[in-house]
Amino acid sequence: NFELLSLRTAPFVVFVIICLHRILIMKILISVILIVILSELKCNNALRQYTKDDIIRLRKQAKDMFYHGYDNYIKYAANYDELKPLSCSGVNTWSSSSLTLIDALDTLVVVGNYSEFRRVTEYLVKNLDFDKDINVSVFETNIRIVGGLLSAHLLSHKAGVDLEPGWPCNGPLLKIAEKVAR
């Protein structure tokens, strides 16, 4: 009975581990951004009080940084895994699956661009094809593709995506993540 139970719960356990790892990565990224911003402020070893205007300005600065990368990826490298910034061209590095687009999905929700999230989700659901005979990195596939799809799936309700019956245990992004994970 224990073996049967563990076989049934294994996909859920993997799902939870990937989600927790993705959250940890996001927390580390946010911490690094905050350290950079704080070092720019040159606080002279004193605690800084942030005004509402400071917070608005820093939030805008972080959004502008995201959109600088995202917009240039869309302009020069859409449908490729990554943008080559010096040549302004795209390259497939890991999976030939629009890897950066998958990576950016959850960030689109965080910055409040729900219409772009819905557009990209629709595009990915219609166009992603993982039935390819190519060499892939298991680590990159699990962290960036499966983790990115799971994060986006869990945030999709905030972006106004039409949820399938049984959500959060059902949905197009979850189905793709499960297919990739298998």
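Of the contacts in the protein with a separation of 6 or more, 57% are between residues 24 or more positions apart, where contact means heavy atoms within 4.5 Å. The structure is a predicted model, in which local features need pLDDT of at least 70 and side-chain atom pairs count only at pLDDT 80 or more, while totals for chains, interfaces and linings use all residues. Residues are numbered from 1 along each chain as its sequence is written, and side-chain values use heavy atoms, with hydrogens and water left out.

## Overall architecture

The protein has six helices and two strands, and along the sequence these elements follow the pattern α-α-β-β-α-α-α-α. Helices (H or I, at least four residues) and strands (E, at least two) are DSSP runs, numbered from the N terminus. Of the 182 residues in the protein, 30% are buried, a term that means under 20% relative accessible area, with exposed meaning over 50% and partly exposed covering the range in between (1.4 Å probe, protein chains only). The protein exposes about 12100 Å², of which carbon and sulfur atoms supply 61%; these accessible areas come from the Shrake-Rupley method with a 1.4 Å probe, and for residues only the protein chains shown count as cover.

A pair of aromatic rings is described by the distance of the centres and the angle of the planes. Rings of Phe, Tyr and Trp (its six-membered ring) pair if their centres lie within 6.5 Å, and planes under 30 degrees apart count as stacked, over 60 as edge-to-face and the rest as tilted. A search of the whole structure finds two aromatic pairs, which are set out in the table.

| Pair | Centre to centre | Angle between planes | Class |
|---|---|---|---|
| Phe66 and Tyr67 | Phe66–Tyr67: 5.0 Å | Phe66–Tyr67: 65 degrees | edge-to-face |
| Phe66 and Tyr70 | Phe66–Tyr70: 5.5 Å | Phe66–Tyr70: 20 degrees | stacked |

Through these ring pairs, Phe66, Tyr67 and Tyr70 are linked into a cluster. Phe66 and Tyr70 both belong to helix H2 (residues 52–77), where they stand four residues apart, about one turn of the helix. Phe66 counts as buried because its relative accessibility is 17%, and Tyr70 is likewise buried, with a relative accessible area of 6%.

Glu116 lies in helix H4 (residues 114–127) and, at 15% relative accessibility, counts as buried. The C-alpha atoms of Glu116 and Ala159 are separated by 9.3 Å, although the two residues are 43 residues apart along the chain.

Asp54, by comparison, lies in helix H2 and counts as buried at 10% relative accessibility. With its neighbours within four places in sequence left aside, Asp54 is in contact with Arg48 and Gln49.

## How H3 meets H5

Two packed helices are described by the angle between their axes and the distance between the axes. Here the axes are lines fitted to C-alpha atoms, for helices over the stretch in contact, and angles run from 0 to 180 degrees between N-to-C directions. The axes of helix H3 (residues 99–110) and helix H5 (residues 138–155) come within 8 Å and cross at roughly 30 degrees. That angle makes H3 roughly parallel to H5, since angles under 35 degrees count as roughly parallel, over 145 as roughly antiparallel, 65 to 115 as roughly perpendicular and the rest as oblique. The crossing of H3 past H5 is left-handed, a term used if the near helix is turned anticlockwise from the far one by less than a right angle, with right-handed used if clockwise. Among the residues that meet are Leu99, Ile102, Leu105 and Val109 in H3, and Ile145, Leu149, Ala152 and Leu155 in H5.

## Backbone points to check

Most residues other than glycine have a negative phi, and most peptide bonds are trans. Cys88, although not a glycine, has a positive phi of about 50 degrees; Cys88 lies in the loop between strand E1 (82–84) and strand E2 (89–91) and is partly exposed, with a relative accessible area of 37%. Ser98, also not a glycine, has a positive phi of about 55 degrees; Ser98 lies in the loop between E2 and H3 and counts as buried at 5% relative accessibility. A cis peptide bond, with omega about 15 degrees, joins Trp167 and Pro168, and Pro168 is placed in the loop between H5 and helix H6 (172–181).
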